[in-house]
Amino acid sequence: MEVCSQLPVLPLDRPVPQHVLRRRGAISLGTSSALFGGPSPRQLCKRRGGVSYNSADQAVLYLHLLGDVRQRGPGPSEPLNGAPHSHVMVDYQNFHCRQGPVRPGARGLRSHRRRLSFQRFLKNNHHHHHLNHLLLLQWTPGPQHLLDQVYTSQVKCMLNKVDSWDFDVFLFDRVTNGNSLVTMTFHLFLQLGLTRLFRLDPIKLRRFLVMVQADYHQQNPYHNSLHATDVTQAMYCYLRQPQLATTLSSCDMLLALVAAVTHDLDHPGVNQGFLVRTGHHLAALYKNSSVLESHHWRCAVSLLRESALLDHLPITDRLNLEERLGSLILATDISQQNRYLARFREYLDREDLSMTNPSHRHLVLQMTMKCADICNPCRVWRLSSQWSSRVTAEFFHQGDVEKKHGMAVSPLCDRLSDSTAHIQAGFIRHVVEPLFREWCRFSCTSLSHRMLAHLQTNLDRWTDRSQHPETPS
């Protein structure tokens, strides 16, 4: 068998030897270790055993498991250095094996059975055809240590603190097995009452979120669904600030969340300059102006329509929402930063920014979107530094591609002459700090001052490292 090639593949009518049961290992369903994001066969066989399931047998396998079983689920939060995630330990001592044959192809679950689920969303439809065997387990009365129950309790615990600025989105992505964007956004829609206010079909909402998450390129070190989750969590923190919570309409909040979720949809992992220089069709389509942001917006509209999430609203309202959504996503174009910032600063200087004025309120939403998009340097160091490593890895990958094809390397993309510390120090000084200084003038809250404090701390650390490259991480 591919996954456990060095472990015994046992016929279903033969008891599992004790030397196998005493080992700690993995239960593999199917012939591909990639199905649940597992390691390669060679790596898996280095572990201390396991019980394999031969997919050629058209039957259901019942197991009596002793000891503990460890399950891991990589997602966008997989460490860049390839280090494995911390594992969640599950006690299976309450499970008992069920004797007797099972009808081939049986799928029904009786009241005394539970299915062991790994909560893994399978993007490729052909995987569903391979999963035509269910692992059915019988349990005794008392505590039920199912994987889903363990994960659900952890997810609920973290979602109770989703408004904390120190929210660990990397840990949240691990406990949701890479489904952080769907899980968090669905929760926030309920938390803000948007599902009820806009009469949204929960099934359509979840379908929309699943399609959005799937359309992010998880191979991108930075611009993937985890970044969208982080931006969405930051947006929620901002929406709870007094200046916004008491003035924004429910429609504004709906737009803010949808924009945060979709703002980098289908990002290719390279910048606009790369697309323009290579004559990419997107650059031609959008006339070399806000190419990526325009594409993200059109992708978002496409998924909204495909999911039929807003189809129950009048057509004029839907078109208006789509247009306003575009203006929020286009505001994340970093090349247009000075234009938005100058206009925002002008209102603040004149002290005539009125949240009762729809156009002023929409400008504030655009600035909120900009802040959420580039708030990583305002996080605590243990989180901020991980984002810095990710975005630098994406820059350097683009530089490697440019070198390979004999192109001039884009600024900040040469791993031989640039460094994470140098890139981050410059980014904070010239882009992030000016934006958040003005934001603090608008929303002078404890959160704003906390973000500026983290920003200064991180800037000092990156500056020191750029001057002393041998400083340990």
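The legends below describe close-up views of a predicted model.

**View 1. The largest pocket and its lining.** Two or more lining residues come from each of the elements α12 (272–277), α14 (291–307), α18 (381–404) and α19 (420–442). By residue class, the lining of the largest pocket comprises 15 nonpolar, 17 polar and five charged residues.

**View 2. The ring pair of Phe-170 and Trp-387.** Eight aromatic pairs are present in the structure. In the pair formed by Phe-170 and Trp-387, the ring centres are 4.8 Å apart and the planes meet at 40 degrees, so the pair is classed as tilted. Phe-170 belongs to helix α5 (residues 169–175) and Trp-387 to helix α18; the pair therefore ties together parts that are 217 residues apart in sequence. Both Phe-170 and Trp-387 are buried. The ring of Trp-387 also has a charged group over it: the charged end of Arg-390 sits there, 5.9 Å from the ring centre.

View 3. Trp-165, Tyr-238, Phe-344, Trp-439 and Phe-442 are linked into a cluster by ring pairs. Separately, Arg-206 lies over the face of Phe-186, and its distance from the ring centre is 4.4 Å.

**View 4. Helix α17.** Helix α17 spans residues 358–373 and has 16 residues. From the first C-alpha to the last, α17 reaches 22 Å, close to the 22 Å expected at 1.5 Å a residue. Of its 16 residues, 14 are buried, so α17 is largely enclosed by the rest of the structure.

**View 5. Two loop residues with positive phi.** Most residues other than glycine have a negative phi. Asn-288, which is not a glycine, has a positive phi near 60 degrees. This asparagine, Asn-288, occupies the loop between α13 (281–285) and α14. Asn-288 is partly exposed, its relative accessible area being 42%. Ala-308, likewise not a glycine, has a positive phi of about 60 degrees. Ala-308 is located in the loop between α14 and α15 (315–330). With a relative accessible area of 16%, Ala-308 falls under the 20% limit and is therefore buried.

**View 6. Val-210 and Val-182.** Helix α8 (residues 202–215) contains Val-210. The relative accessible area of Val-210 is 22%, and the residue is partly exposed. Val-210 and Val-182 are 28 residues apart along the chain, and 6.1 Å separates their C-alpha atoms.

**View 7. Thr-457 and Cys-378.** Thr-457 forms part of helix α20 (residues 446–467). At a relative accessible area of 41%, Thr-457 is partly exposed. In sequence, Thr-457 and Cys-378 are 79 residues apart, while in space the distance from C-alpha to C-alpha is 9.1 Å.

Definitions and conventions
Residues are numbered from 1 along each chain as its sequence is written. This is a predicted model: local features need pLDDT of at least 70, side-chain atom pairs count only at pLDDT 80 or more; totals for chains, interfaces and linings use all residues. Side-chain values use heavy atoms; hydrogens and water are left out. Helices (H or I, at least four residues) and strands (E, at least two) are DSSP runs, numbered from the N terminus. Ala, Val, Leu, Ile, Met, Phe, Trp, Tyr, Cys and Pro count as nonpolar, Asp, Glu, Lys and Arg as charged, and the others, Gly among them, as polar. Rings of Phe, Tyr and Trp (its six-membered ring) pair if their centres lie within 6.5 Å; planes under 30 degrees apart count as stacked, over 60 as edge-to-face and the rest as tilted. Buried means under 20% relative accessible area, exposed over 50%, partly exposed in between (1.4 Å probe, protein chains only). A charge sits over a ring if NZ of Lys or CZ of Arg is within 6 Å of the ring centre and within 35 degrees of the ring normal. The expected span of a helix is 1.5 Å times one less than its number of residues.
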